[in-house]
Amino acid sequence: MQKFTTLNGLVAPLDRANVDTDAIIPKQFLKSIKRSGFGPNAFDEWRYLDHGEPGMDNSKRVINPEFVLNQARYQGAQILLARENFGCGSSREHAPWALENYGFRAIIAPSFADIFFNNCFKNGLLPIRLPAGQVDALFKAVAAQAGYTLVIDLERQTIGAPDGTVYKFEVEAFRKHCLLNGLDDIGLTLQHVEEIKAYETKRRAAQPWL
């Protein structure tokens, strides 16, 4: 998993509340259990004017010019700004996969659905909860300035805005440690690989019939 330390990224505003995981990655794309390849179909039903299916050539599909992520000023965005209850709906882990594959490294919102929130940390995404008033201020700032960027410092737990405003956010210590060090569940386990090998060697000697 990619480490998350600091991020100086372009912000894209998704001004919708209760964005569910089926909107983030529609159900027809859940056939694969690989963690890659979902980016072109993130927000598929909003990004395109036709119905998407796995295996389609997205370069030939009709783009929805009204959808915010299709606007030129937000191309290459790494920070998604959203409203409350982001990631609600089903528990599909494909949702953070799709967002990460698209290019997002962090999501800022007043609140997240619990399972989605947990899945983000396991897949290298940083979900940041800020008070609704601060999120409102960020939406206004993004709308007013093309190329609006934020600097996220995970170690210091701060978000720096172009006007000098600094927002503080909370993150649980263990999750912070994992992101800073690029450790998913497998990576955490492999930190103890020598102890695991020693246990297996001892077990085989004591119980060779197993």
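Start by selecting F86, F112, F116, F117 and F121: together they form one aromatic cluster. You are looking at a predicted model. Across the structure, the count of aromatic pairs comes to 10.

**Into the cluster**

Keep F86 and F116 on screen. Their ring centres are 5.4 Å apart and the planes meet at 70°, so this pair is edge-to-face. Now colour by secondary structure. F86 sits in the loop between β2 (79–81) and α3 (94–102), while F116 belongs to helix α4 (residues 114–122). The two are 30 residues apart, so the pair links distant parts of the chain. Is F86 buried or exposed? F86 is buried, and F116 is buried too.

**A stacked pair**

Next, select Y102 and F104. Here the ring centres lie 5.0 Å apart with the planes at 20°; that angle is under the 30 degrees cut-off, so the pair is stacked. F104 is buried, because its relative accessible area is 1%, under the 20% limit.

**Along α3**

Show helix α3. Which of its residues are buried? They are H94, A95, P96, W97, A98 and L99. Then step past the end of the helix. G103 follows α3, and its phi is positive, near 130°.

**Arginines over rings**

R129 lies over the face of F117, at 4.1 Å from the ring centre. For the last stop, select R61 and Y48. R61 lies over the face of Y48, with 3.8 Å to the ring centre.

Methods:
Residues are numbered from 1 along each chain as its sequence is written. This is a predicted model: local features need pLDDT of at least 70, side-chain atom pairs count only at pLDDT 80 or more; totals for chains, interfaces and linings use all residues. Side-chain values use heavy atoms; hydrogens and water are left out. Rings of Phe, Tyr and Trp (its six-membered ring) pair if their centres lie within 6.5 Å; planes under 30 degrees apart count as stacked, over 60 as edge-to-face and the rest as tilted. Helices (H or I, at least four residues) and strands (E, at least two) are DSSP runs, numbered from the N terminus. Buried means under 20% relative accessible area, exposed over 50%, partly exposed in between (1.4 Å probe, protein chains only). A charge sits over a ring if NZ of Lys or CZ of Arg is within 6 Å of the ring centre and within 35 degrees of the ring normal.
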